[in-house]
Amino acid sequence: MTKPPFTHLHVHTQYSLLDGAARLKDMFKACNEMGMTHIAMTDHGNLHGAYDFYQQATGAGVTPIIGIEAYVAPESRRYKRRVQWGQPHQKRDDVSGSGGYTHKTIWAANKTGLHNLFRLSSDAYMEGYFVKWPRMDKETIAQWSEGLIASTGCPSGELQTRLRLGQFDEALKAASEYQDIFGKDRYFLELMDHGIEIERRVRDGLLEIGKKLGIPPLVTNDSHYTYSREAEAHDALLCVQTGKNLSDPDRFRFDGTGYYLKSTEEMYAIDSSDAWQQGCANTLLVAEQIDTTGWFEKRDLMPRFDVPEGYTEVTWFQEEVRKGMARRFPGGVPEDRQKLAEYEMDVIIQMGFPGYFLVVADFIMWAKNNGIAVGPGRGSAAGSIVSYAMGITDLDPVEHGLIFERFLNPERVSMPDVDIDFDERRRGEVIRYVTEKYGHDKVAQIGTYGTIKAKNAIKDSARVLGYPYAMGDRITKAMPADVLGKGIPLSGITDPSHPRYSEGRRGARNVRERAGRQEGHRHRPRDRGPGAPDGRARGRRDHVERDGDRPRAGLLAEERRPGRDPVGLPHL
């Protein structure tokens, strides 16, 4: 009898920073090779990779299941102290993070669920952040549970923790509460088996709770990389994260084996018990509930500017340009400039961007009027005479031979992107002005992700392999210089006959090979710049994940290049 296909529902991608080593492209290639039609992403405490995952999955013909391995506060998310449920001698089995959090795996079943998942994760950063964990709690999960599917989580889940502490009644109560929150058909007992004792100790207790409450089992594999051959590279990545080297006997490492995307046959073969076999088959129950309709659909979220009575946004935009041209050319506007301004206004109005230009001009002029230094113009926006007229830039594009179509082109519709340089010492004042004027939940810092570049990969790999610092330094200094700020990838310098990298350098090849497995992994998030306000009744929490652990604006959206404006969120 043919067994139902298995769906991987517990998968850590590169967005589980320096912990997940699964490259998205490789993941979807493996899915296609194994005939898997669905796959989930469940990164640690964040949804930063949600759109990237969705876009690449759909492009590969795989149905994406967007989820999160959530950090859940043992009490209220607002209670910022460690909590222990057991006795002092049970410390090893108690709440994870020395009392900081438990885990829960949650997936979005539909569009409503995706928005609720964003809300939960955003609230976890804004209100539940503790030490380094953005934590939800039972209150917020219940508030935004519509459209979500959940499980009991990994061995750090609340039920498993209670069972290890011998608190069966408390575990049963927690399971009952979550079953009421999510519904009987959307709450599962998560079973794992990587050959480690912590997973098997509570298996019987979990199954007993399942029988009492009618909670079906669900088998997952705690995947952190795509192929079994990547186990050593993942181990090295953990060393990069913790600052240790591979020879350190006390370093953090994964116990057990098999943290990769296993085939359907491999998953069913792990355990012949009825519960395990049913749990593998039940992954299809989750996959069949996923409806991606409306996920990341493009919406008009352009900012709205308050205009004087008697004007519309378009007519006020035209009036501001007219006054600006007269200010820039006090002796009379040359005919060629006037024609260019009219052409640009027509394009901007046709593309629906008058409000954007009014908002940007407003806070730039506010900065100038308050003595804050503003750059004269950088990037493609300097090619617009409308930008020049409105004070957004201070460069006449005609005089400098700049082209408007590099900024906005009606034949290639894309969001405007104005690069603005403020005096770094007073940049926060501008952000504060925009935030106070348009609302705290309507303005975002745009986040970017650093990746491990070739030279850093070499130095990290030399360190984790236990070589002296001089080894990595000597190799990187022999690498070709960066060109226009872009370094050469390792793939361009790994010719084994090359004298600088193989001859007379003991261990260099080992370092390079290890570095090649680290290169390109997500490293750490950082702020890029403020995004424009969206000006709509609903805040940005409904469209992107908020990250409260950020200075100034307190709202973070991931920058995406290319295609960085997939849901219509304008940025500057």
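Helices α14 and α16 cross in a left-handed way; left-handed is the word when the near helix is turned anticlockwise from the far one by less than a right angle, and right-handed when it is turned clockwise. Helices here are DSSP runs of H or I with at least four residues, strands are runs of E with at least two, and both are numbered from the N terminus.

Before I go on, this is a predicted model, where local features need pLDDT of at least 70, side-chain atom pairs count only at pLDDT 80 or more, and totals for chains, interfaces and linings use all residues. Residues are numbered from 1 along each chain as its sequence is written, and side-chain values use heavy atoms, with hydrogens and water left out.

Back to the pair. The axes of α14 and α16 come within 9 Å and cross at roughly 50 degrees. Axes are lines fitted to C-alpha atoms, for helices over the stretch in contact, and angles run from 0 to 180 degrees between N-to-C directions. That makes α14 oblique to α16; the scheme is under 35 degrees for roughly parallel, over 145 for roughly antiparallel, 65 to 115 for roughly perpendicular, and oblique for the rest.

Which residues of α14 and α16 meet? From α14 they are Glu313, Val314, Trp316, Phe317 and Glu320, and from α16 they are Pro354, Gly355, Phe357 and Leu358. Contact means heavy atoms within 4.5 Å. By class, the contact of α14 with α16 has six nonpolar residues, one polar and two charged. Nonpolar covers Ala, Val, Leu, Ile, Met, Phe, Trp, Tyr, Cys and Pro; charged covers Asp, Glu, Lys and Arg; the others, Gly among them, are polar.

Helix α16, residues 354-369, also packs on helix α18, residues 427-438: their axes come within 10 Å and cross at roughly 130 degrees. That makes α16 oblique to α18. The crossing of α16 and α18 is right-handed. On the α16 side the contact uses Val359, Asp362, Phe363, Trp366 and Ala367, and on the α18 side Glu429, Val430, Tyr433, Val434, Lys437 and Tyr438. Eight of the residues in the contact of α16 with α18 are nonpolar, none polar and three charged.

Next, helix α10. It runs over residues 231-242, twelve residues, and reaches 17 Å from its first C-alpha to its last, close to the 16 Å expected at 1.5 Å a residue. The expected span is 1.5 Å times one less than the number of residues. Ala233, His234, Asp235, Ala236, Leu237, Leu238, Cys239 and Val240 of α10 are buried. Buried means under 20% relative accessible area, exposed means over 50%, and partly exposed is in between, with a 1.4 Å probe and protein chains only. Just after α10, glycine 243 has a positive phi of about 75 degrees.

Helix α10 packs against helix α19, residues 454-464, at an angle of about 95 degrees, with the axes 10 Å apart. The two helices, α10 and α19, are therefore roughly perpendicular to each other. Ala236, Cys239 and Val240 in α10 meet Asp460, Arg463 and Val464 in α19. That contact of α10 with α19 has four nonpolar residues, no polar and two charged.

Now two arginines. Is arginine 164 buried or exposed? Arginine 164 counts as buried, at 9% relative accessibility, and is found in helix α6, residues 158-164. Beyond neighbours within four places in sequence, arginine 164 contacts Asp93, Asp94, Pro155, Ile198, Arg201 and Val202. Arginine 164 and arginine 201 are 37 residues apart in sequence, and their C-alpha atoms are 7.4 Å apart.

Arginine 378 sits in the loop between α16 and α17 (385-390) and counts as partly exposed, at 43% relative accessibility. Not counting residues up to four places away in sequence, arginine 378 touches Asp419, Ile420 and Asp421.

Serine 98 has phi near 55 degrees, a positive value in a residue other than glycine; serine 98 is in helix α3, residues 96-99. Phenylalanine 296, also not a glycine, has a positive phi near 55 degrees and is buried, with a relative accessible area of 12%.

Last, the totals. The protein has 22 helices and ten strands, and buried residues make up 56% of its 572 residues.
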